[in-house]
Amino acid sequence: MATLIDPDFRARLRALNEKYAAGVPALMLAIAQAQQRCDSEGPRLEPLTQLHRALHAVAGSAATFGFAALGQECRRLEQLVRGLLNEPGQVLADWPALSGQVDALLRWAGRDAAATHFSA
């Protein structure tokens, strides 16, 4: 039987996962605030960029800490926002639907961000 080089590895990993889980509400708040800016100011470059960054932060880290479905949905929305940033002419037409999808993400994450499947 192999021995672990670092016997505290699992405990430290659990602590990191718990720390990330405790920070999920703040990550969702950043997404919500960016979405609200887009809704109130219009989906202009600066608020859309803020939303893209907030989604990207979660998309890049969530799966590492056991929030795979959350990360996947944030990645999907991040790509849609990137599409709007790359096609400014589509922003006004596409923003209401995308805003609704962000709302669905936030509601779902508020219920159980650690769920293994996203359901709107």
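1. Which residue forms a salt bridge with R76, and how far apart are the closest N and O atoms? The partner is E73, and the closest N and O atoms of this salt bridge lie 2.7 Å apart, where a salt bridge is a side-chain nitrogen of Lys or Arg within 4 Å of a carboxyl oxygen of Asp or Glu. R76 and E73 both belong to helix α3, residues 68–86, and stand 3 residues apart, about one turn of the helix; helices (H or I, at least four residues) and strands (E, at least two) are DSSP runs, numbered from the N terminus.

2. Before going further, please note that this is a predicted model, in which local features need pLDDT of at least 70 and side-chain atom pairs count only at pLDDT 80 or more, whereas totals for chains, interfaces and linings use all residues. Residues are numbered from 1 along each chain as its sequence is written, and side-chain values use heavy atoms, with hydrogens and water left out.

3. R76 is partly exposed at 34% relative accessibility, while E73 is buried, with a relative accessible area of 7%.

4. Helix α3 also carries E78 and R75, which are 3 residues apart and thus separated by about one helical turn. These residues form a salt bridge in which the closest N and O atoms are 2.7 Å apart. E78 is buried, at 1% relative accessibility, and R75 is partly exposed, at 29%.

5. The structure holds 6 salt bridges in total, and side chains of opposite charge can pair when their charged atoms come close. R37, E41, R44 and E46 are linked in a network of such bridges. Within that group, the side chains of E46 and R37 meet at 3.4 Å, N to O; E46 is exposed, with a relative accessible area of 52%, whereas R37 is partly exposed, with a relative accessible area of 21%.

6. On the nonpolar side, F9, L13 and L16 make a surface patch of about 260 Å². Patches are made of residues with over 30% relative accessible area and no salt bridge, like charges being joined within 9 Å and nonpolar side chains (Val, Leu, Ile, Met, Phe, Trp, Tyr) within 5 Å; accessible areas come from the Shrake-Rupley method with a 1.4 Å probe, and for residues only the protein chains shown count as cover. L13 is found in helix α1, residues 9–41, and is partly exposed, with a relative accessible area of 34%.

7. The structure holds 3 aromatic pairs, a term for rings of Phe, Tyr and Trp (its six-membered ring) whose centres lie within 6.5 Å, with planes under 30 degrees apart counted as stacked, over 60 as edge-to-face and the rest as tilted. Y20 and F65 form a stacked pair, at 4.7 Å centre to centre and 15° between the planes. This pair links distant parts of the chain, since Y20 lies in helix α1 and F65 in the loop between α2 (45–61) and α3, 45 residues apart. Y20 is buried at 11% relative accessibility, and F65 is partly exposed at 21%.

8. The rings of Y20 and F67 have their centres 5.6 Å apart and their planes at 55°, so this pair is tilted. The pair likewise links distant parts of the chain, with Y20 in helix α1 and F67 in the loop between α2 and α3, 47 residues apart. Both Y20 and F67 are buried, and Y20, F65 and F67 form one aromatic cluster.

Note on methods: Buried means under 20% relative accessible area, exposed over 50%, partly exposed in between (1.4 Å probe, protein chains only).
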